[in-house]
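Hi,

Here is the structure I promised to pass on. Have a look at it first, and then read my notes below.

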Amino acid sequence: MARLDKIYLGTNTKMYKTIADTVDYLMGLNAFTAEVPRSRLELFVIPSFTTLDAARRCIPAVKISLGAQNMGWEDEGQFTGEISPLMLKEVGVKIVEIGHSERRHVLGETDLQENKKVLCALRHGFTPLLCIGETAEQKELGVSDEILCMQLKIGLHGVIPEQAKNLWVAYEPVWAIGVNGVPATKEYADEKHAVIRQTLVELFGYEVGSDIPILYGGSVNRDNAEELIQMPNIDGLFIGRSAWNAASFSEIIQAVMPLFFARKKSFKSLI
Ligand code: PEP
(Lines give C-alpha, C1' and ligand atoms only; values in the text may rest on other atoms or scores of the structure.)
Protein backbone atom coordinates (compact mmCIF):
# COMPACT_ATOMS: atom_id res chain seq x y z
CA MET A 1 0.00 0.00 0.00
CA ALA A 2 1.65 3.22 -1.21
CA ARG A 3 -0.26 5.21 1.42
CA LEU A 4 1.89 3.68 4.12
CA ASP A 5 5.13 4.76 2.49
CA LYS A 6 4.63 8.38 3.53
CA ILE A 7 3.24 10.31 6.42
CA TYR A 8 0.98 13.29 5.63
CA LEU A 9 1.49 16.34 7.84
CA GLY A 10 0.15 19.78 7.12
CA THR A 11 -1.55 22.92 8.27
CA ASN A 12 -4.10 25.46 7.17
CA THR A 13 -3.20 28.91 8.43
CA LYS A 14 -6.81 30.16 8.09
CA MET A 15 -7.14 33.98 8.02
CA TYR A 16 -3.82 34.46 9.80
CA LYS A 17 -0.36 35.39 8.52
CA THR A 18 0.45 38.17 6.04
CA ILE A 19 2.73 37.61 3.06
CA ALA A 20 5.81 38.45 5.14
CA ASP A 21 4.64 36.17 8.00
CA THR A 22 3.98 33.30 5.60
CA VAL A 23 7.34 33.59 3.86
CA ASP A 24 9.11 33.69 7.23
CA TYR A 25 7.14 30.70 8.43
CA LEU A 26 7.81 28.62 5.32
CA MET A 27 11.52 29.40 5.31
CA GLY A 28 11.70 28.41 8.97
CA LEU A 29 9.72 25.20 8.46
CA ASN A 30 11.86 24.26 5.48
CA ALA A 31 15.06 24.87 7.44
CA PHE A 32 13.86 22.92 10.49
CA THR A 33 12.86 19.94 8.32
CA ALA A 34 15.82 20.09 5.92
CA GLU A 35 17.07 16.64 6.90
CA VAL A 36 13.72 14.88 6.62
CA PRO A 37 13.53 12.92 3.33
CA ARG A 38 10.47 13.95 1.35
CA SER A 39 10.12 10.39 0.08
CA ARG A 40 8.75 9.70 3.59
CA LEU A 41 7.02 12.98 4.37
CA GLU A 42 4.31 14.85 2.49
CA LEU A 43 4.58 18.24 4.15
CA PHE A 44 1.98 20.82 3.14
CA VAL A 45 0.90 24.30 4.07
CA ILE A 46 -2.37 25.95 3.09
CA PRO A 47 -1.97 29.72 3.54
CA SER A 48 -4.27 32.54 2.46
CA PHE A 49 -4.69 33.33 -1.25
CA THR A 50 -2.72 36.57 -1.23
CA THR A 51 0.40 34.81 0.07
CA LEU A 52 0.47 31.97 -2.47
CA ASP A 53 2.63 33.59 -5.12
CA ALA A 54 5.32 34.68 -2.67
CA ALA A 55 5.04 31.35 -0.87
CA ARG A 56 5.69 29.37 -4.06
CA ARG A 57 8.69 31.51 -4.92
CA CYS A 58 10.39 31.08 -1.56
CA ILE A 59 10.26 27.28 -1.17
CA PRO A 60 10.55 24.48 -3.77
CA ALA A 61 7.33 22.51 -4.23
CA VAL A 62 9.16 19.24 -3.52
CA LYS A 63 9.91 20.48 -0.01
CA ILE A 64 6.55 21.92 0.99
CA SER A 65 3.40 21.49 -1.07
CA LEU A 66 1.08 24.45 -1.15
CA GLY A 67 -2.67 24.40 -0.98
CA ALA A 68 -5.56 26.82 -1.36
CA GLN A 69 -8.16 27.13 1.39
CA ASN A 70 -11.07 27.15 -1.05
CA MET A 71 -11.87 27.28 -4.76
CA GLY A 72 -14.81 28.18 -6.99
CA TRP A 73 -16.12 25.40 -9.25
CA GLU A 74 -16.15 27.34 -12.54
CA ASP A 75 -13.10 28.38 -14.55
CA GLU A 76 -14.33 31.97 -14.80
CA GLY A 77 -17.51 33.98 -14.62
CA GLN A 78 -19.67 36.29 -12.59
CA PHE A 79 -18.68 34.98 -9.17
CA THR A 80 -17.57 37.97 -7.14
CA GLY A 81 -15.25 36.99 -4.32
CA GLU A 82 -14.52 33.50 -5.63
CA ILE A 83 -11.16 32.20 -6.85
CA SER A 84 -10.80 30.26 -10.09
CA PRO A 85 -8.90 26.98 -10.52
CA LEU A 86 -6.98 28.65 -13.36
CA MET A 87 -5.78 31.35 -10.98
CA LEU A 88 -4.66 28.77 -8.45
CA LYS A 89 -2.81 26.82 -11.12
CA GLU A 90 -0.96 29.98 -12.07
CA VAL A 91 0.55 30.27 -8.59
CA GLY A 92 1.67 26.65 -8.27
CA VAL A 93 -0.96 25.25 -5.94
CA LYS A 94 -1.07 21.46 -5.59
CA ILE A 95 -3.81 20.95 -3.00
CA VAL A 96 -7.28 22.46 -2.77
CA GLU A 97 -8.88 22.24 0.65
CA ILE A 98 -12.60 21.68 0.30
CA GLY A 99 -15.32 21.80 2.94
CA HIS A 100 -13.35 22.90 6.00
CA SER A 101 -15.67 23.07 8.98
CA GLU A 102 -15.59 26.87 8.99
CA ARG A 103 -16.69 26.98 5.35
CA ARG A 104 -19.52 24.58 6.09
CA HIS A 105 -20.67 25.86 9.45
CA VAL A 106 -19.75 29.56 9.44
CA LEU A 107 -20.16 30.29 5.73
CA GLY A 108 -22.96 27.83 5.01
CA GLU A 109 -21.46 25.61 2.31
CA THR A 110 -23.33 22.40 1.50
CA ASP A 111 -22.23 18.90 0.53
CA LEU A 112 -23.52 19.53 -2.99
CA GLN A 113 -21.28 22.58 -3.31
CA GLU A 114 -18.31 20.63 -1.95
CA ASN A 115 -19.04 18.02 -4.61
CA LYS A 116 -18.85 20.59 -7.41
CA LYS A 117 -15.54 21.82 -6.01
CA VAL A 118 -14.12 18.28 -5.72
CA LEU A 119 -15.04 17.48 -9.33
CA CYS A 120 -13.61 20.78 -10.54
CA ALA A 121 -10.38 20.29 -8.57
CA LEU A 122 -9.91 16.81 -10.01
CA ARG A 123 -10.65 18.02 -13.52
CA HIS A 124 -7.83 20.54 -13.14
CA GLY A 125 -5.33 18.07 -11.72
CA PHE A 126 -5.31 19.36 -8.13
CA THR A 127 -5.31 17.14 -5.06
CA PRO A 128 -8.62 17.83 -3.32
CA LEU A 129 -8.38 17.61 0.46
CA LEU A 130 -11.99 16.97 1.39
CA CYS A 131 -12.70 17.82 5.04
CA ILE A 132 -15.57 16.08 6.76
CA GLY A 133 -16.75 15.77 10.33
CA GLU A 134 -19.82 15.67 12.52
CA THR A 135 -21.05 18.44 14.83
CA ALA A 136 -21.33 18.00 18.61
CA GLU A 137 -25.09 17.65 18.25
CA GLN A 138 -24.81 14.93 15.62
CA LYS A 139 -22.32 13.10 17.83
CA GLU A 140 -24.71 13.41 20.77
CA LEU A 141 -27.54 12.00 18.65
CA GLY A 142 -25.40 8.99 17.70
CA VAL A 143 -25.40 9.69 13.97
CA SER A 144 -21.69 10.47 13.44
CA ASP A 145 -21.06 7.47 11.18
CA GLU A 146 -24.09 8.25 9.04
CA ILE A 147 -23.02 11.90 8.71
CA LEU A 148 -19.51 10.90 7.63
CA CYS A 149 -20.86 8.44 5.06
CA MET A 150 -23.26 11.05 3.74
CA GLN A 151 -20.60 13.75 3.47
CA LEU A 152 -18.39 11.32 1.56
CA LYS A 153 -21.10 9.95 -0.70
CA ILE A 154 -22.41 13.40 -1.68
CA GLY A 155 -19.04 15.15 -1.66
CA LEU A 156 -17.49 12.48 -3.88
CA HIS A 157 -20.49 11.81 -6.09
CA GLY A 158 -19.42 11.27 -9.69
CA VAL A 159 -15.74 10.75 -8.85
CA ILE A 160 -14.38 7.69 -10.64
CA PRO A 161 -11.76 5.38 -9.06
CA GLU A 162 -9.03 6.59 -11.42
CA GLN A 163 -9.59 10.17 -10.18
CA ALA A 164 -9.93 9.12 -6.56
CA LYS A 165 -6.25 8.14 -6.57
CA ASN A 166 -5.54 11.88 -6.26
CA LEU A 167 -7.84 12.47 -3.33
CA TRP A 168 -7.04 13.08 0.34
CA VAL A 169 -9.60 13.14 3.14
CA ALA A 170 -9.37 14.91 6.49
CA TYR A 171 -11.56 13.81 9.38
CA GLU A 172 -12.10 16.95 11.44
CA PRO A 173 -14.92 16.67 13.96
CA VAL A 174 -16.46 20.13 14.27
CA TRP A 175 -16.45 19.92 18.08
CA ALA A 176 -12.70 19.24 18.10
CA ILE A 177 -11.58 22.24 16.04
CA GLY A 178 -10.29 25.60 17.23
CA VAL A 179 -9.90 27.40 20.56
CA ASN A 180 -13.01 25.86 22.10
CA GLY A 181 -12.37 22.44 20.60
CA VAL A 182 -11.80 19.27 22.58
CA PRO A 183 -9.48 16.85 20.77
CA ALA A 184 -10.96 13.48 19.88
CA THR A 185 -9.53 10.58 21.84
CA LYS A 186 -7.23 8.37 19.82
CA GLU A 187 -9.76 5.53 20.00
CA TYR A 188 -12.65 7.68 18.79
CA ALA A 189 -10.62 9.20 15.95
CA ASP A 190 -9.37 5.78 14.85
CA GLU A 191 -12.86 4.33 14.88
CA LYS A 192 -14.16 7.14 12.66
CA HIS A 193 -11.20 6.77 10.31
CA ALA A 194 -12.17 3.11 9.94
CA VAL A 195 -15.72 4.15 9.01
CA ILE A 196 -14.31 6.57 6.43
CA ARG A 197 -11.99 3.89 5.04
CA GLN A 198 -14.86 1.45 4.71
CA THR A 199 -16.92 4.02 2.80
CA LEU A 200 -14.02 4.86 0.49
CA VAL A 201 -13.58 1.17 -0.29
CA GLU A 202 -17.31 0.90 -0.94
CA LEU A 203 -17.14 3.87 -3.32
CA PHE A 204 -13.91 3.13 -5.17
CA GLY A 205 -13.09 -0.55 -4.62
CA TYR A 206 -10.44 -2.06 -2.35
CA GLU A 207 -7.33 -1.13 -4.28
CA VAL A 208 -8.08 2.58 -4.64
CA GLY A 209 -10.22 3.03 -1.53
CA SER A 210 -7.62 1.58 0.80
CA ASP A 211 -4.88 3.82 -0.58
CA ILE A 212 -6.50 7.24 -0.08
CA PRO A 213 -4.78 9.03 2.83
CA ILE A 214 -7.06 9.95 5.75
CA LEU A 215 -5.73 12.65 8.06
CA TYR A 216 -7.01 13.55 11.50
CA GLY A 217 -7.48 17.21 12.48
CA GLY A 218 -8.94 18.93 15.52
CA SER A 219 -6.83 20.33 18.37
CA VAL A 220 -3.81 18.20 17.56
CA ASN A 221 -0.89 19.37 19.69
CA ARG A 222 2.54 18.30 20.91
CA ASP A 223 0.91 16.21 23.68
CA ASN A 224 -1.57 14.16 21.67
CA ALA A 225 0.10 13.93 18.23
CA GLU A 226 2.18 10.88 19.17
CA GLU A 227 -0.70 8.76 20.41
CA LEU A 228 -2.90 9.70 17.44
CA ILE A 229 -0.29 8.78 14.83
CA GLN A 230 0.17 5.33 16.33
CA MET A 231 -3.42 4.39 15.56
CA PRO A 232 -3.70 1.99 12.63
CA ASN A 233 -6.24 3.97 10.61
CA ILE A 234 -4.64 7.42 10.90
CA ASP A 235 -2.34 8.30 7.98
CA GLY A 236 -1.43 11.83 8.91
CA LEU A 237 -2.31 14.94 10.87
CA PHE A 238 -3.91 18.16 9.73
CA ILE A 239 -2.99 20.70 12.37
CA GLY A 240 -4.14 24.25 13.03
CA ARG A 241 -2.88 26.34 15.93
CA SER A 242 -0.11 24.00 17.08
CA ALA A 243 1.55 24.12 13.67
CA TRP A 244 1.62 27.88 13.14
CA ASN A 245 5.03 28.25 14.72
CA ALA A 246 7.63 26.62 12.48
CA ALA A 247 9.78 25.32 15.35
CA SER A 248 6.79 23.81 17.18
CA PHE A 249 5.44 22.19 14.02
CA SER A 250 8.84 20.77 13.26
CA GLU A 251 9.02 19.33 16.78
CA ILE A 252 5.73 17.51 16.18
CA ILE A 253 7.00 16.26 12.81
CA GLN A 254 10.21 14.87 14.32
CA ALA A 255 8.25 13.24 17.15
CA VAL A 256 5.60 11.49 15.07
CA MET A 257 7.63 10.28 12.11
CA PRO A 258 9.52 7.43 13.85
CA LEU A 259 6.29 6.28 15.50
CA PHE A 260 4.45 6.21 12.20
CA PHE A 261 7.15 4.16 10.50
CA ALA A 262 7.45 1.78 13.46
CA ARG A 263 3.71 1.20 13.13
CA LYS A 264 4.13 0.57 9.42
CA LYS A 265 6.81 -2.04 10.10
CA SER A 266 4.60 -3.96 12.50
CA PHE A 267 1.69 -3.70 10.04
CA LYS A 268 3.86 -5.10 7.24
CA SER A 269 4.90 -8.03 9.37
CA LEU A 270 1.24 -9.00 9.66
CA ILE A 271 0.71 -9.29 5.90
C1 PEP B 1 -8.52 23.18 11.70
O2 PEP B 1 -9.06 24.28 11.77
O3 PEP B 1 -8.60 22.50 10.67
C4 PEP B 1 -7.80 22.67 12.86
C5 PEP B 1 -7.47 21.41 12.87
O6 PEP B 1 -7.52 23.58 13.84
P7 PEP B 1 -6.91 23.30 15.29
O8 PEP B 1 -5.80 22.29 15.16
O9 PEP B 1 -6.43 24.63 15.74
O10 PEP B 1 -8.04 22.78 16.14
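This is a predicted model: local features need pLDDT of at least 70, side-chain atom pairs count only at pLDDT 80 or more; totals for chains, interfaces and linings use all residues.

First, a term you'll need: rings of Phe, Tyr and Trp (for Trp, the six-membered ring) make an aromatic pair if their centres lie within 6.5 Å; planes under 30 degrees apart count as stacked, over 60 as edge-to-face, and the rest as tilted. By that rule, the structure holds 7 aromatic pairs.

Residues are numbered from 1 along each chain as its sequence is written, and side-chain values use heavy atoms, with hydrogens and water left out.

Back to the rings. Tyr-171 and Tyr-216 form a tilted pair, with 6.2 Å from centre to centre and 55° between the planes. This pair links distant parts of the chain: Tyr-171 is in strand 6 (residues 168–171) and Tyr-216 in strand 7 (residues 214–217), 45 residues apart. (Strands, E, of at least two residues and helices, H or I, of at least four are DSSP runs, numbered from the N terminus.) Both tyrosines, Tyr-171 and Tyr-216, are buried, meaning under 20% relative accessible area; exposed is over 50%, and partly exposed is in between (1.4 Å probe, protein chains only).

Phe-260 and Phe-261 have ring centres 5.1 Å apart and planes at 90°, so they count as edge-to-face. Why is Phe-260 called buried? Because its relative accessible area is 1%. Phe-261 is buried as well, at 10%. There's also an aromatic cluster made up of Tyr-8, Phe-44, Trp-168 and Phe-238.

Now for Asp-190, which is in helix 9 (residues 186–204). Asp-190 is buried but has no salt bridge, and the nearest side chain of opposite charge, Arg-263, is 6.6 Å away. A salt bridge needs a side-chain nitrogen of Lys or Arg within 4 Å of a carboxyl oxygen of Asp or Glu. For charge, Lys and Arg count as positive, Asp and Glu as negative, and His and the chain ends are not counted. What does Asp-190 touch, leaving out residues up to four places away in sequence? Met-231, Pro-232, Asn-233 and Ile-234, where contact means heavy atoms within 4.5 Å.

Last one: Asn-30, in helix 1 (residues 19–32). Asn-30 counts as buried because its relative accessibility is 18%. Setting aside neighbours within four places in sequence, Asn-30 contacts Arg-38, Ile-59, Lys-63 and Ile-64.

Cheers
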